[in-house]
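Please read this report beside the sequence and the model it describes.

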Amino acid sequence: MNYSISHPTKNVICNIDLPASKSISNRLLIIKALCEDKFLIKNLSDCEDTKHLIQALKHKKEIIDVGAAGTSFRFLTSYLAIQEGKKYILTGSERMKERPIKFLVDALREIGAEIEYLEEEGFPPIKIKGKKILGGNIKIDASVSSQFISSILLIAPKLKNGITLKLSKKIVSKSYINMTLKLMSEYGISYNWKNEIINIPHQKYRAKDFLVESDWSSASFWYEIAALSNNCKIQLNGLIKDSIQKDRLIQKIFKKLGVRSKFINNTLIINKSTYHSKKEHINLIENPDLYQPLQCTLFGLKEEWKITGTQTLKDKESNRIDATKKELLKIINGRNQINTHQDHRIAMSFAPLCLKFGTLKINDVMVVKKSYPNFWQDLKKGGFKIKPLAH
């Protein structure tokens, strides 16, 4: 399905219930599956990625297809490897088959996991024979994906010898490793992280109910809308000011682009304020999901910042740097038909640009279900006009 997106007034006043954090939800689901006692996860994400993980953990069929859910694929790789006596084929979308899994598989094989590739070496799909794994020492390249590291850490307490994980090369998205460890500690897991070594001994997860906070990555699109609007008062519900999500940094980033943030309890109100144009240098190595909304905002405001720390973006749902450049070039050339490249964040980052460039047409709009299923309905609350188009 394709949409035509416009905004008649460029003034945005709305009250938005943001989706629950997918990153927190998916980690909690693995912890729940590994915990011997039951507990309740409140406000669990209802996005497509989390639904794929729920189904995989609930049914554990021999063939598990997680579609485009990269986090789910990586977390399941380690989880299924310790399901004694079970055999699985773990697969996903065509794009998933282009996303490397080699460093995680190599690390798991170091401690005895039985995993083989069914098509191209180093890429999904994979065949996993679950077995009793004792644990021990693992070395992993930390410059590729923090999700590989989180995947191993989550199963570590279940292994008789625990895990001593040595991180080699420069760590990317370190904040997501911290998120994993903080959530594990909420469930009674002790760990030690000194320099490049993370040690987690054998221990038990302790059950406790948990309320999932709203998603700061999803808030970034509303910051973009605020920056590009003529005027705004946007209320975002469910966020936590001192969140374990590092994307809360969006408050500081967009302050430099004329967006003021004010917290009242767990409600965030954002307004426009004046700002002075200034070229900035920002490193997004800890916040890769902020790249597209920030890049589109800078484009809309005709600002040029130096953005670094983007090396992991080539292996996401799309090659995010190339795809974003390609679609922005269309707007420069007066074309308004935006291709999402099967990437939810492209759809959500480009839609607000109608505030500066008039009506835009977005292809494959349902891709937003991956992380923010109600995105288009929420845009309507902000006064955006959305019309379905024929293919």
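Asp 364 counts as partly exposed because its relative accessibility is 33%, where buried means under 20% relative accessible area, exposed over 50% and partly exposed in between, with a 1.4 Å probe and protein chains only. Asp 364 sits in the loop between β19 (360-362) and α13 (375-381), and its phi is near 55 degrees, a positive value in a residue other than glycine. His 341, which is not a glycine either, has a positive phi of about 55 degrees, and its place is in the loop between β18 (337-338) and α11 (344-350).

This is a predicted model, in which local features need pLDDT of at least 70 and side-chain atom pairs count only at pLDDT 80 or more, while totals for chains, interfaces and linings use all residues. Residues are numbered from 1 along each chain as its sequence is written, and side-chain values use heavy atoms, with hydrogens and water left out.

## A cis peptide bond

Pro 124 and Pro 125 are joined by a cis peptide bond, with omega about 0 degrees. Pro 125 belongs to the loop between β6 (114-117) and β7 (126-129). Most residues other than glycine have a negative phi, and most peptide bonds are trans.

## Overall form

The secondary structure of the protein comes to 13 helices and 20 strands, taken as DSSP runs numbered from the N terminus (helices H or I, at least four residues; strands E, at least two). The C-alpha trace spans about 60 × 45 × 35 Å along its principal axes. For 391 residues, a compact globule would have a radius of gyration near 21 Å, and the protein agrees because its own value is 21 Å; the radius is taken over C-alpha atoms, and the globule rule is 2.2 Å times the number of residues to the power 0.38.

Buried residues make up 59% of the 391 residues.

Leaving aside neighbours within four places in sequence, Leu 165 is in contact (heavy atoms within 4.5 Å) with residues including Ile 138, Ile 149, Leu 153 and Glu 196. In soluble globular proteins, nonpolar side chains tend to be buried together.
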